[in-house]
Amino acid sequence: MRIETLAVRAGHAPDPSTGAVTTPIYLSSTFEREPDGSYRGGHVYSRTSNPNRSSLELALAALENGAAALAYASGSAATLSVFQALAPGDHVLAPDDAYYGTLRQLREIFGGWGLEAGVVDMTDLDAVERAIRPTTKVVWVETPSNPLVRVVDIERIAELAHSVGARCVVDNTWATPVLQLPLNLGADIVMHSTTKYLGGHSDLLGGALVAKKDDDFVERLRLIQKVGGAVPSPFDCWLLLRGIRTLPWRMRAHCDNAMAVARFLESHDAIDAVHYPGLESHAGHEIAARQMSDFGGMMSIQLRGGEDAALELTRRLTLFTRATSLGGTESLIEHRASVEGPTTLAPVNLLRISVGLEHPDDLIEDLESALN
Ligand SMILES: *Cc1c(COP(=O)(O)O)cnc(C)c1O
């Protein structure tokens, strides 16, 4: 089935008790036990499972072509649970420009637990090969990456990970399953901040893991999800599934708008660099064209006038809201260096843009008048 159909249909079933076509929100924290000890719908207590979460997890597994999906209260909780499933002495290799919260978890939470972690530029495959150890258990990939919009060859990194028996985990938040299917490229687990494009409306927090095989590691992740309890609320599951229904169509418009904005900015004198994988000038363009079906809605730009010009641009724009996050219907702009603090790799003249679903000509006119 094609992804538009999967997005609409996966996890979709009229409510058995009322016939409601849209699944009701099951706020109940607990479920009645039958006299014989069984449970009618298989649900016992909403931390371990809930009808809304089950529908969502079915949809997530279908979209990513995985065998199992687990939903979490945030993308960060999903990431955390992968590291929690490892043991002291295990080694994690992550990209040097991974989402800064991912790197903070490794440094500030798991360092003290004896998890070893290293970072490397994952666009340099020789460097990745050198950095992998016999004790490496997870090779973390994020592509396109945040905020430098680097593109990493998932197939090659997965091969390197497998050469030492490590799992390749891909943060697929920016690409979404509409543009990129890491499990089909050899990755073992996909991670999402569903807060972003999957939710799509900047109105929920959520995370997900989708695994290619339902193996012992997934069993351990399930234990951490159910016993650890970092689960999303039924309402957030419902909102997220509602967002997923239109994901393929929204992604098309995000990609078209971003390409138009990138082409405009690329030709503007005030702009020093546009980091967008759809541009032929982008270092990762060829890999992106191979492993993605389109180039996404995220880009970053560097201004010739330095940090002051970058900050001034954010103040002059009217259709780009100054805010963190991404993937919603509204365009957002952000000065990453001041958000990420001293450990950032983001240059001070860099702005990250999440191109929304406004008309591209309006976005370009806004940029044009703010830059002139
Ligand atoms: C936002 C984001 C996260 C963290 O997800 P939360 O839902 O904010 O916890 C992780 N990775 C990427 C690429 C993100 O954009």
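1. Asp215 and Arg167 form a salt bridge, with 3.5 Å between the closest N and O atoms; the term means a side-chain nitrogen of Lys or Arg within 4 Å of a carboxyl oxygen of Asp or Glu. This pair links distant parts of the chain, 48 residues apart: Asp215 sits in the loop between strand 7 and helix 8 (216–228), and Arg167 in strand 5 (residues 167–171). Helices (H or I, at least four residues) and strands (E, at least two) are DSSP runs, numbered from the N terminus. Asp215 is partly exposed at 26% relative accessibility, and Arg167 is partly exposed at 23%. Here buried means under 20% relative accessible area, exposed over 50%, and partly exposed in between (1.4 Å probe, protein chains only).

2. The model is predicted: local features need pLDDT of at least 70, side-chain atom pairs count only at pLDDT 80 or more, and totals for chains, interfaces and linings use all residues. Residues are numbered from 1 along each chain as its sequence is written, and side-chain values use heavy atoms, with hydrogens and water left out.

3. The whole structure contains 22 salt bridges. One of them joins the side chains of Glu312 and Arg316, at 3.1 Å from N to O. These two residues are separated by about one helical turn because they are four residues apart in helix 12 (residues 306–316). Glu312 has a relative accessible area of 31% and is partly exposed; Arg316, at 42%, is also partly exposed.

4. Arg336 and Glu334 meet through their side chains in a salt bridge of 2.9 Å, N to O. Arg336 is buried, with a relative accessible area of 2%, and Glu334 is buried at 5%.

5. Glu340 belongs to helix 13 (residues 336–340) and is buried, with a relative accessible area of 10%. Its side chain makes a polar contact of 2.8 Å with that of Thr344. A polar contact is a pair of N or O atoms within 3.5 Å; within protein, one must be able to donate a hydrogen and the other to accept it, and residues adjacent in sequence count only if both atoms are side-chain atoms.

6. Two cis peptide bonds deserve a check. The bond from Thr143 to Pro144 is cis, with omega near -10°, and the bond from Asn146 to Pro147 is cis, with omega near 5°. Pro144 lies in the loop between strand 4 (136–142) and helix 6 (154–162), and Pro147 is placed in the loop between strand 4 and helix 6.

7. Positive phi values occur at two serines. Ser202 has phi near 50° and lies in the loop between strand 6 (189–193) and strand 7 (207–211); Ser202 is partly exposed, with a relative accessible area of 44%. Ser325 has a phi of about 85° and is found in the loop between strand 10 (321–322) and strand 11 (332–334). At 24% relative accessibility, Ser325 is partly exposed.

8. Leu63, in helix 2 (residues 51–64), is buried at 3% relative accessible area. Leu63 and Ser28 are 35 residues apart along the chain, with 27 Å between their C-alpha atoms. Phe235, in helix 9 (residues 234–244), is partly exposed at 41%. Phe235 and Ala273 are 38 residues apart in sequence and 41 Å apart in space, C-alpha to C-alpha.
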